[in-house]
Amino acid sequence: MKASAPIGIARARGGRALALGWLAAVAALAALGPLLPLAYAPAQPDLAHLATPPLAAGSAHWLGTDPSGRDVLAEMIFGARTAVGISLGAAVLATALGALLGGAAGFWRNHGWRVPWPAWAAALGAGWWALALPGAPAALVGAGLGLAGTLLGGPRWGRRWPVPLDAGVLGATALLGAVPRLVLVVALAGTLPLTPGGLLAVLVLTAWPGPARLVRAAMLRVTAQPFVAAARALGLPAGRVWWRQALPHACLPLRTAFPLSLASLLALESTLSFLGIGLPPEVPSWGHLLGTARTEPTAWWLVAAPGGALLFTILALQYLGRARGPGPAK
Amino acid sequence: MVKLLLVSLLIVLLVSCSKRRTVEGQPVRILWTRDPESLDPLVTPNQSAIDANNLLHLCLLSVDYSTKRYAPALADSLPKVQFAGDSLTLVTYHLRPTATWDGGRPVLARDVAFTLKLMQVPGLPNEANKAQFGFIRDIRFDPTDPRRFTLVCNGQAPGLVQESGDFLILPEAALDPKGSLRPYQLGALNDRAATAPADSILVKLARRYARANLALYPGRIPGSGPYQLVRWDKDHLLRFQRKPHWWADALRPAPPVLEAQPSELDFVIIPNEASAALALRRGSVNVYPQVPVREFRRLQASAAARQQLAFYTSLSYDLVYAGFNTRRPALSNRLTRQALGFLFDPKALLLATQAGLGQCTVGLVHPTDTRNYADSLPPLALDPARAVALLRQAGWHRESTASDTFWTRQLAPKTPPQRLTLLVRYRAGETAFETIGLQFRAAAARLGIAVELRPTENASFSSALQAGDFDVYLRLLKGNPFYFNFAPILHSKTVGAGNLTGFGTPASDRLIEAIPLANTLDSRARLLRKFQRLMREEMPLVPLFFRPNCLAADRRLVHLYPGGLKPGYAAAAIKWTTPVVAVP
Amino acid sequence: MDHAGGRRPVAVGNGIFRRAGRAALAVWALASLLFLLSRWAPTSDAALGLTEPTEMQATAAETPGAHQLAQRAARQRLGLDVPLFYFSRPVAGPGQRPGWHWNGPRNQYHRWLGALLRGDLGTSFRDGQPVAARLATALLYTLPLTGTAAVLALAVALALAAGLARGPWWRRPALAALAGLQALPLFVLATGLLLLLANPDALNWFPTYEQAGAEDGLVALGACLLPLACLVLGAVPELALQLEASLAHEMRADYAVTARAKGLSVRRVVRRHALRNALLPVLPLVVDLLPALVAGAVVVETIFSLPGMGRLLAEAAATRDYPVLVGGVLLVGAARLLALLLADAGARWLDPRVS
């Protein structure tokens, strides 16, 4: 055991360098794409070469072309920008949002977090006013009074009503999971077109329930562990216990889930493109490239290039995820 | 446990593989990409439903695929046509004396009258028929001959005659045994307002029709067609069996439209193209109509497939075209539209997206229609230089900043200059349209025109086009060789409905109205040629090319009558032959 | 860690009623939301049983206004001409204050909810058949397939994770292979299997479903092997990877180290102690399989031509056949809520300290 330790460390270092190297290369491609001397620009169809395999005679497409005649190499390199900017960004945001919401729901459950009634009144009044229901001005006044009461009175004001955090989060995840994307899109159809920021928001909105449920489930266990109880017994504020002790441990399952969520986000992004609210086809993306294999099932190069890039990214993230993070609960 | 499972799976596998079938004398198995959904003869939601209904029921006239003309089916000859006054046409038919329903009742003029009235009864899913056949105002019986009748039609267009015989005749005795619809006048039913108080007899009839649930059980009423539906597994298989004694068997010589060769017709539903091609290769289907061009080329490239299959191509009536939103200020000028028309490269696009199998066109008329096709017009081609010249002529200027180039135009003094940018919509998921869009975008980008492509999901696509939320759209126009009625897509009266371009000038409206009313074929040809020239001049839409119709079938099948008309083959005429052994 | 004792007696009956009530409320909220969302957009011509005017170079006689008339009549027949909900917010004209308009009980939602309470899911726009019947037929095809796939996937994932936790030499390649499988979209996997294993030009080992009728059960069963393999391969990677990570984490915990120090074999520690604990964080993924059972798999069903739930729902969505769509999604939503309840119960069972 001991004798093999240095070798193990060396291998781990090598693996880590490889993983970091790959991610750095993707980031570099994303940044430097426009400066590279490419034979073909992205989103330019070469109508003489449709769905040509890599290195075919008479074509200068090194990685072949897709069914619309776009150069796979150019799409891959420029697609790295989209992958880094949108897919990876959405994965990070969705995971963070999911971890926070799921962690809070699992920690406080339905009765742990109590809010004084003036705050409830403020929220109700604001909602009433926002919907322009009859008597909106009166509701606005009510909301103002409630807000003032919350700020001035603070914790001293009488009854505190619990916020059903757990039920809310569970309900939201169930709803988002059950509503098919197409129905959501129908509802969104009026608010087209989507900007990259809007697309990011849609991706995050549909992707956060997964991590949220994972973290919630883990949190249920963590809160039952002695070290959390001990921290509470010491009289530490609940928020601090949650943030410092409980959340880091509850987030452990995300180390595996995060890299995998990248794959599903790429798939989602190509679904959204199909529905007409995703990235337009002139924006190169790995997900879209992978999707073009649908019409050309024998074109292995359309799967190999983006699929390989995706696989290496997942493996690199997975490797880094396993190497870091808090140790086991003691 | 696991071993047991594996062994049983293996056994299943072996049994299933060892079950070989001989193809000789087997049913003809035809591939469909979608389920017909409903076999209600009044509702035909898709091509599969139309084809299936044509096996169960017959029309007065139907298309003979060998000549591509309408030929008598239930009628014994083409109808006699008379014009009455200046707005009516009288079409007189005589039904075949031998024609009977299952069970032996003769097909009579009463059944035709009943069908026409049924298409106007409120509360039935007959809205499409109501709109299409509303021009038949009355039916007059011949007191001496229960098989002779005259249809009184509104209008005098030549196409009316063919259309007046193109609906499925249903049996009165099965759906309305008491003849409760007989007292009603066809014209009165036709004019019934949607808000009219409910009529108990009509309500009762509609209820009885709904109870029959023909959508799912079409066999509940007798048909006059050669086949009956014996099995229907939704989204999987439809099996039609030839009636052992069908009335038309006695006809000598058998008319081509009344041929019914296969003893059994199976329609197998396979939505995925790759799976469909494999099913054809394995012989589990024998006919693959409307093969996507790429799949067709792949099959043709395989030596094994060439030995097993025969390949047929013809030119379809599906036109791929681009349309402009002429309501947009930037596109209201025809010079701008003409300029943008020169940014499409139809020839290269045809070669790329249809493997060169279709045909480019100068207008909306089919290129094989030599009488009407405007062959004097030069074909459209990519010509950026002319596009630039035309844009300048239309008042646009190219401006350049450090980062980009764009075209602007001053519409009125003291208004901010207008920029030329285009939003292109097409149906998402169709590679051909994506390729066209990318080609147009690349050609426009070279001139400095910004083009945004917006593939849109099917239903949102329709509503976006209706709402005018586009600059350019790419689409398919399904046509036919029989009618030349361009009003629904280009008349100024249909702006907001079928006319998506918003185009319409008094001159073009007059021409569009005149074409269907032309009395002779020559005068119609003159008008059609004039129309094509006018469309080239105004260019509300850019016709790119007609798509090919590819059909792959087992080599041993004959009499497929492949052609551009939907569905592209004659299912009931197909015959098995013994394979011809090639002698080296 | 002690998981044999410590289970407290709780007021089970009360809890179950509360939970069931909450679930029913959630199903109602979900159904209402779906109903309203899905009918937000205008109905397409396809759903009304009409051909689009621009798709067909219309026939000789159709007049310009005829199409709109037909559309209106079809909407009236399908009950789409009345307002959507009890109140609506008409678009305010210039100078008008936006306000709410009360429509009364003569609205689509009221009618739909009334029918739903009587157990009537409505009839399909496309073929006029009862939605419940269509769903039942599709489920008959889907459930056996997805059910088997879920059980197999779970078994394979458990076996894989338990094997990997022992740290064999093939751990790294197996993890990479699983990640690779996860990176492949399902349609690539399905098409690949089909082109490799049911292709006269490659290996023609498996029958496919279009060859089979209902009478040849064995062929049909054989035809389900490829889709089954595809579903299992698609579901295993995430499950196995998560489970493996969770198990590895548990194996480093004190109790496992102690058990190992006491001389128990790794296999035994995994089986007896760690697996149960490792399952807890993965439970949401496992339970997610249940709604997936009902929802079917569009991609696999389309590629292997299986007439299942996934295809039914996808086609209903594409043609805006709302009754079928809402009915199907309601079913899936109910399954999901049930799954959440099960997950909660499962978490309690796995770790009684979780309250």
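This is a predicted model: local features need pLDDT of at least 70, side-chain atom pairs count only at pLDDT 80 or more; totals for chains, interfaces and linings use all residues.
Two strands are taken to pair if DSSP finds at least two bridges between them.

In the three-stranded set, β14, β15 and β16 of chain B form an open sheet in the order β14-β15-β16, with antiparallel pairing. Because β14 (397-400) and β16 (418-419) of chain B stand at the edges and have a single partner strand each, one side of each is left without a neighbour in the sheet. Strand β15 of chain B, which spans residues 405-409, is joined to β16(B) by two bridges, and these strands run antiparallel. Within this contact, B:Thr408 has B:Arg419 of β16(B) as its bridge partner.

Strand β4 of chain B (residues 80-84) pairs with β5(B) in the antiparallel sense, over five bridges. B:Leu88 in β5(B) is the bridge partner of B:Ala84. Three residues lie between the strands of the hairpin of β4(B) and β5(B), in which B:Gly85 adopts a positive phi near 65°.

An antiparallel pairing over seven bridges also links β5(B) to strand β7 of chain B, which comprises residues 145-154. In this pairing, B:Leu88 stands opposite B:Asn154 of β7(B).

Conventions:
Residues are numbered from 1 along each chain as its sequence is written. Chains are lettered from A and ligands numbered from 1 in the order in which they are written. Side-chain values use heavy atoms; hydrogens and water are left out. Helices (H or I, at least four residues) and strands (E, at least two) are DSSP runs, numbered from the N terminus.
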